[in-house]
Amino acid sequence: MSLDLIDRKIIAALQADATLSIAQLADRAGLSPTPCWKRIQKLEQTGIILGRVALVAPERIGLGLTVFVEIEAADHTPEWRDSFARITGAMPEVMEIHRMAGDADYLLRVAVEDMAAFDAFYKRLTESVPLKNVTSRFAMERIKATTAYPVDVSRR
């Protein structure tokens with residue numbers, strides 16, 4: 001699906017504030033409410049809009065430690081990859097999983113309460129799937145965090 005300027009305006013507005021009413025979104029996109037609602041439905045149906053969520057401050061809910069975990073795979077078979085994705089995807093502490101190019105095969109973003117919680121996570125991870133190497137990097141400060149992708153609303 002090709003995005004036109006109106007679609008990009010809707011996406012940018014929703015990424016900034018998913019609580020906007022249809023009337024507010026329509027106004028920002030230069031549409032009336034019904035066509036705006038239809039565009040939103042189409043953006044959802046085509047998988048461009050994946051969902052609408054509330055953003056939470058992790059430290060305010062007791063998840064003050066963010067760890068980036070680099071993993072070197074012990075195996076590169078489809079079976080191992082499927083098992084790894086299934087196991088890590090089911091771990092609630094794992095916020096993101098990326099298959100990488102370079103020294104590490106995978107990069108996980110993990111949110112936990114503290115070092116003891118990370119140690120318990122680490123033990124569960126390393127007992128669940130064979131790994132060649134695991135390197136953990138602990139975030140000291142979150143300087144920028146966004147879920148909004150840059151949507152160019154200036155080009156036609």
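Let's start with a pair of helices: α1 (residues 5-16) and α3 (residues 33-45) pack at an angle of about 80°, and their axes are 11 Å apart. Axes here are lines fitted to C-alpha atoms, for helices over the stretch in contact, and angles run from 0 to 180 degrees between N-to-C directions. The two helices are therefore roughly perpendicular to each other, a label given to angles of 65 to 115 degrees.

Which residues of α1 and α3 meet? From α1 come I6, D7, I10, I11 and L14, and from α3 come C36, R39, I40 and L43; contact means heavy atoms within 4.5 Å. By class, this contact has 7 nonpolar, no polar and 2 charged residues. Ala, Val, Leu, Ile, Met, Phe, Trp, Tyr, Cys and Pro count as nonpolar, Asp, Glu, Lys and Arg as charged, and the others, Gly among them, as polar.

## About the model

This is a predicted model, in which local features need pLDDT of at least 70 and side-chain atom pairs count only at pLDDT 80 or more, while totals for chains, interfaces and linings use all residues. Residues are numbered from 1 along each chain as its sequence is written, and side-chain values use heavy atoms, with hydrogens and water left out.

## The overall layout

The protein has 5 helices and 4 strands, arranged along the sequence as α-α-α-β-α-β-β-α-β. Helices (H or I, at least four residues) and strands (E, at least two) are DSSP runs, numbered from the N terminus.

There are two domains, domain 1 (5-46) and domain 2 (58-138), with bounds from an automatic or database domain assignment. Their C-alpha centres lie 36 Å apart. The C-alpha trace of the protein spans about 55 × 35 × 25 Å along its principal axes.

## The sheet and its helices

Now for the strands: 4 of them form an open, antiparallel sheet in the order β2-β3-β1-β4, where two strands pair if DSSP finds at least two bridges between them. At the edges are β2 (94-99) and β4 (131-138), each pairing on one side only. On average, neighbouring strands are turned by 20° against each other, direction ignored. Strand β1 (residues 65-73) is joined to β4 by 7 bridges, and A73 stands opposite L131 in β4.

Two helices pack on this sheet. Helix α4 (residues 78-89) touches β1, β2, β3 (106-112) and β4, and its direction makes about 15° with that of β3. Helix α5 (residues 115-128) also touches β1, β2, β3 and β4, with its direction at about 165° to that of β4.

Definitions and conventions
Parallel < 35°, antiparallel > 145°, perpendicular 65-115°, else oblique.
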